[in-house]
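Please keep the structure open beside you as you read.

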Amino acid sequence: MKLAITRPVSPALDRCELSFVNRSPIDIGLAVSQHRAYLDALFACGCSVRELAAEPELPDSVFVEDTAVVLDEVAVITRPGAESRRPELRSMASMLGEYRELVQIAAPGTLDGGDVLRIGRTIYVGESARSNAAGIEQLRTLLKRFDYRVQGVPLRGCLHLKTAVTRVAPDLLLVNPAFVDAGMFDGMHSIAVDPAEPHAANALLINEQVIYPQSCPRTAARLQARGASITHVDMSETEKAEGGVTCCSVIFDVE
Ligand code: CIR
């Protein structure tokens, strides 16, 4: 069974961190109803959902993906590159401790879960403004005993690795070639996003179903032409906070 950990939208979401997106007004009521529909989509794709307690004072706390990297053997509690986000860790660690051994990234390392993409035994990590060399090296050391290889990936012009590339089928990646070199990922095929949709590379694959934003119809058509089965969600409000479909959950296998 798959479990998705999520957290409600903070009413302070419009005070979120922003790096590559201009600030625009966020409709919190709409964000809340879109998040509810996102939880329904997770459920429809076969996940059980557990919600962390709301953190109304932490603007970006809905973006739980950045706080942890969960593997079959262990959960890594990250140290987000944005200091404002570090108070989000405690509650995630407490819930994940029910399911996995915990290890943690420590100062001066920084690591955002949005920068981490696992393909088999290789853990790709975006060399972003949020995940530094010390954080990537710590992750390498922590995961060595479980036989994972950690590989840094250069990025340009985007927040996280998963802004640039995500997996949409076992051997298929959805990539924005403007942000990352698709040749970095050994043995994988790739589809490019439509150039008119720069934020289209963030898709969430669960049990052969792709949760995908309504805001990227041209790239959705490319995915469907390659046989992807898409569950559409409207993420307009979290997109204004620079978050996509992967950002709002931490998903892993449980007994
Ligand atoms: C941030 O800048 O930290 C948030 N406003 C957005 C984080 C999105 N998270 C993700 O892509 N994993």
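What volume does the largest pocket have?

1. The largest pocket comes to about 880 Å³. A pocket here is an open set of points on a 1 Å grid over the protein atoms alone, with protein on both sides within 12 Å along at least five of seven lines, and its lining residues have an atom within 4 Å of a point. Grid points are joined across faces, edges and corners, and a volume is the space filled by probe spheres set on the points.

2. A word on the source: this is a predicted model, in which local features need pLDDT of at least 70 and side-chain atom pairs count only at pLDDT 80 or more, while totals for chains, interfaces and linings use all residues. Residues are numbered from 1 along each chain as its sequence is written, and side-chain values use heavy atoms, with hydrogens and water left out.

3. Back to the largest pocket: 27 residues line it, and Val70, Arg118, Lys162, Leu205 and Ile251 lie nearest its centre. Strand S15 (250-253) is among the elements that give two or more residues to this lining, and S15 provides the largest share, 4 residues. Strands are DSSP runs (E, at least two residues) and helices likewise (H or I, at least four), numbered from the N terminus.

4. Now the ligand, which takes up the space of the second largest pocket (more than half of its atoms lie within 2 Å of the grid points). That pocket holds about 470 Å³. His199, Glu239, Glu242, Gly243 and Gly244 lie nearest its centre, out of 32 lining residues.

5. Around the ligand there are 15 residues, the closest being Glu17, Asp60, Glu65, Ala241 and Cys247; to be near, a residue needs a heavy atom within 4 Å. Polar contacts (pairs of N or O atoms within 3.5 Å) include a ligand nitrogen 2.7 Å from a polar backbone atom of Glu17. A ligand nitrogen also lies 2.7 Å from a side-chain N or O atom of Glu65, and a ligand oxygen is 2.8 Å from a polar side-chain atom of Arg130. The protein buries 98% of the 340 Å² that the ligand exposes when taken alone (Shrake-Rupley method, 1.4 Å probe).

6. Helix H1 (residues 28-44) gives the most to the lining of the largest cavity, with 4 residues.

Conventions
Polar contact = N/O pair within 3.5 Å; in protein donor to acceptor, adjacent residues only side chain to side chain. 1 Å grid on protein atoms, 1.4 Å probe; cavity = no way out; pocket = protein on both sides within 12 Å on 5 of 7 lines; lining within 4 Å.
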